[in-house]
Amino acid sequence: QPMSEAMYYILLALLHPVHGYGVMQRVRELSGGRLVLGPGTLYGILTRMHTEGYIRLESAEGRRKVYAITEAGTQALLEEYRRLKTMVQDGNILEEELK
């Protein structure tokens, strides 16, 4: 099933372990500022992805938690990347039709 845009960018951000606030910053950077996540949205998605086995808690110091992508998360991210890439390739007909 397709991933949400937020989930896709969060997994991209977690290719290198980072804390929650760092995930928000990295998502904004990776999306060119198009996607800005608030803490509630971010932590809701992180909780869900942790439950689904896509991410793991790397370390925790007080309230600061560092997350990392798991092998299952990497596989899901690759599958979504391939799905999106195929959709874009399929959409090339649009450019041909509008010439």
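In which loop is the place of His16? His16 sits in the loop between H1 and strand S1 (18-19); helices (H or I, at least four residues) and strands (E, at least two) are DSSP runs, numbered from the N terminus. His16 is exposed, at a relative accessible area of 60%. Exposed means over 50%, buried under 20%, and partly exposed in between (1.4 Å probe, protein chains only). His16 and Tyr67 are 51 residues apart in sequence, yet 8.7 Å apart in space, C-alpha to C-alpha.

The model is predicted: local features need pLDDT of at least 70, side-chain atom pairs count only at pLDDT 80 or more, and totals for chains, interfaces and linings use all residues. Residues are numbered from 1 along each chain as its sequence is written, and side-chain values use heavy atoms, with hydrogens and water left out. The protein chain averages a pLDDT (the predictor's confidence in each residue, from 0 to 100) of 95. Confidence is lowest in helix H5 (residues 92-97), with a mean of 86, and highest in helix H1 (residues 5-13), at 98.

Strands S2 (residues 55-61) and S3 (residues 64-69) run antiparallel, joined by six bridges; pairing requires at least two bridges found by DSSP. Ser59 stands opposite Val66 in S3. Two residues lie between the strands of this hairpin, where Gly62 takes a positive phi near 65°.

The whole structure holds five salt bridges (a side-chain nitrogen of Lys or Arg within 4 Å of a carboxyl oxygen of Asp or Glu). One of them links Glu80 to Arg83, with the closest N and O atoms 2.8 Å apart. Both residues lie in helix H4 (residues 71-90), three residues apart, about one turn of the helix. Glu80 is buried at 5% relative accessibility, whereas Arg83 is partly exposed at 30%.
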